[in-house]
Amino acid sequence: MQPIYILILIAGYFGVLMLISYFTGKEDSNEVFFKASKQSPWYLVAFGMIGASLSGVTFISVPGWVEASGFSYFQVVLGYFVGYFVVAFVLLPIYYKHNVTSIYQYLESRFGVVSYKTGAFFFFVSRVLGSAFRLFLVAIVLQQFVFDAYGVPFEITVVISILLIWIYTNRAGIKTIVWTDTLQTLFMLVAVCLSIYFINSELNWSFSDFLQSEELKNYNKIFSTENFFKKDHFLKSFFGGMFITICMTGLDQDMMQKNLTCRNLKDAQKNMVSFSIVLVGVTFLFLLLGALLFIYAERFDIAIPLMDGTPKTDLLFPEIALKSGLSITLGITFLLGLIAAAYSSADSALTSLTTSFCIDFLNIEKRPEAKQKRIRKMTHIGMSFLLVLVIIAFKYILTSNVIDSLLVVAGYTYGPLLGLFAFGIFTKFKVRDKYVWIVTLASVVIITIIGNIPAESLGGYQVGYELLPINGLITFLGLILIRRK
């Protein structure tokens, strides 16, 4: 597929998003930007959250992970499913009861201002890194398959990507995103289904032929229960996935901000439950697509694409969709799905970072009303610049599969949030608030040491996603040490 056609497709896609932004952004107020005036239909939020949760990382990186790990990622997804119910019936009632704009305001009412700022800080770091991971993935695809042909540097590709997001989220923020995420999720789901159909057709298979094929058996092992010491053992993956969801959804301003735009708690819970059921099925489709891509690559002798001289399985899907000579419909489908998946998470991340920084650090609600909108707009620009810098840095420091890197980083950055919220919800103790930041920092240092212990020093035990609950537990125990009645 020629780069010029890809550019035209991208331009048309963003034209549609700008049109949505025009209609949703007629009221340019902070109440609309931060809360969508609490008028979002729950089913729109639920459908849009599928795309925001999956993102470009799932769209490309999950299929790329299948070669090395088979379907073992589905163990993590089953943990996600349980985690969503915890979010729906434990955390959401608390947020609605306290009527928060930023969910970290709960920590202020429970413990004090230092706890509040500490929780907001860890979200901020977590979301900047997570969003940068997701946007980095789409940027390298656009770079490799579009902008390299025109000699455009990677840095300019990143700037263009962030600029486009800023333009259509600048006025109505979360209200626009509820609607754009719905469209983006639709594109992404259509893309994965059509990709499976077209590649099966090229292999002269029906979908049932594919499911019964011997080739699929090389990839479709889900459960790993033989060796508890391995990183992908079922129990470690399942409980790691459950806590990842509780933290990366339930303790994350980005994901919760959408839920808090629903009219009431009951609607928000319906949104969360229905979304979690659909998400499990959609993720399994991505794993099937991953197996199909590697079967196709082996059948037609397609090499794993190189990035800076290193094979990168994350790029196999775009390589097959755009350069293998398959139907141009597949190329268009892939691009729409990729762009939709990447930007459905990135736009809400930029909005949530703006919201958190304005509410949690700048105390915008206590500023003169005449200045509040200007502060929000300047913060929105600042967050855009920050994401640009972090994404560019990833090009030079990131070596592993993107989704694996994302989940590992979550173990370090979301653990203190898990400990803080768990202590607040499940105990009645207060804490010496001024020492909370020391406890959380010590927890991250300890978990960093644990995470970097060589497996040989632990008798062959590989530390995996269980780092997140362990991190939360260390924070919890530290808070016990500074508790007061």
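# Exercises on helix packing and buried residues

Threonine 249 touches Tyr84, Ile244, Met255, Met256 and Met272, leaving aside residues up to four places away in sequence. The exercises below concern a predicted model.

## Exercise 1. Threonine 249 and its helix

Determine in which helix threonine 249 is found, and whether threonine 249 is buried or exposed.

Solution. Step one is to locate the residue: threonine 249 is found in helix α10, which covers residues 234-250. Step two is to consider its accessibility. The relative accessible area of threonine 249 is 6%, and buried means under 20%; threonine 249 is therefore buried. Of the 17 residues of α10, 13 are buried, and the helix is mostly covered. As to its length, α10 reaches 23 Å from its first C-alpha to its last, close to the 24 Å expected at 1.5 Å a residue.

## Exercise 2. Isoleucine 246

State which residues isoleucine 246 touches, not counting residues up to four places away in sequence, and whether isoleucine 246 is buried or exposed.

Solution. Isoleucine 246 also lies in helix α10. Its relative accessible area is 10%. Because buried means under 20%, isoleucine 246 counts as buried. Beyond residues up to four places away in sequence, isoleucine 246 touches Gly83, Val86, Val87, Leu91, Leu251 and Leu418. A further step compares sequence with space: isoleucine 246 and tyrosine 84 are 162 residues apart along the chain, yet their C-alpha atoms are separated by 6.7 Å. Tyr84 is also among the residues touched by threonine 249.

## Exercise 3. Helix α12 against helix α13

Classify the arrangement of α12 and α13 from the angle at which their axes cross, and divide the residues of the contact by class.

Solution. Helix α12 covers residues 265-299 and helix α13 residues 316-323; their axes come within 10 Å and cross at roughly 60°. That angle makes α12 oblique to α13. The crossing is left-handed. On the α12 side the contact involves Leu289, Leu293, Phe294, Tyr296 and Ala297, which meet Leu316, Phe317 and Ile320 in α13. By class, these residues comprise eight nonpolar, no polar and no charged.

An α-helix has 3.6 residues a turn, so residues three or four places apart point the same way. Leu289 and Leu293 are both among the α12 residues of this contact.

## Exercise 4. Helix α8 against helix α12

Decide whether α8 is roughly parallel or oblique to α12, and identify the residues that make the contact.

Solution. Helix α8, residues 174-202, packs with α12 at an angle of about 30°, their axes being 10 Å apart. Because angles under 35 degrees count as roughly parallel, α8 is roughly parallel to α12. The helices pass in a left-handed crossing. From α8, the contact draws on Met188, Leu189, Val192, Cys193, Ser195, Ile196, Ile199, Asn200 and Glu202; from α12, on Val282, Leu285, Phe286, Leu289, Leu292, Leu293 and Tyr296. These divide into 13 nonpolar, two polar and one charged residues.

As to length, the 29 residues of α8 reach 41 Å from first C-alpha to last, close to the 42 Å expected at 1.5 Å a residue. Isoleucine 174 has its place in α8 and is buried, at a relative accessible area of 1%. Isoleucine 174 and glutamine 257 are 83 residues apart in sequence, but 7.7 Å apart in space, C-alpha to C-alpha.

## Exercise 5. Helix α4 against helix α12

Solution. The axes of α4, residues 73-98, and α12 come within 10 Å and cross at roughly 170°. The residues of their contact divide into 22 nonpolar, three polar and no charged.

## Exercise 6. Asparagines with positive phi

Identify where asparagine 99 and asparagine 363 are found.

Solution. Most residues other than glycine have a negative phi. Asparagine 99, although not a glycine, has a positive phi of about 50°; it is found in the loop between α4 and α5. Asparagine 363 likewise has a positive phi of about 50°, and its place is in the loop between α14 and α15. At 29% relative accessibility, asparagine 363 counts as partly exposed. A further case is asparagine 204, which follows α8 and has a positive phi near 60°.

Technical notes
Residues are numbered from 1 along each chain as its sequence is written. This is a predicted model: local features need pLDDT of at least 70, side-chain atom pairs count only at pLDDT 80 or more; totals for chains, interfaces and linings use all residues. Side-chain values use heavy atoms; hydrogens and water are left out. Axes are lines fitted to C-alpha atoms, for helices over the stretch in contact, and angles run from 0 to 180 degrees between N-to-C directions. Helices (H or I, at least four residues) and strands (E, at least two) are DSSP runs, numbered from the N terminus. Angles under 35 degrees count as roughly parallel, over 145 as roughly antiparallel, 65 to 115 as roughly perpendicular and the rest as oblique. A crossing is left-handed if the near helix is turned anticlockwise from the far one by less than a right angle, and right-handed if clockwise. Contact means heavy atoms within 4.5 Å. Ala, Val, Leu, Ile, Met, Phe, Trp, Tyr, Cys and Pro count as nonpolar, Asp, Glu, Lys and Arg as charged, and the others, Gly among them, as polar. Buried means under 20% relative accessible area, exposed over 50%, partly exposed in between (1.4 Å probe, protein chains only). The expected span of a helix is 1.5 Å times one less than its number of residues.
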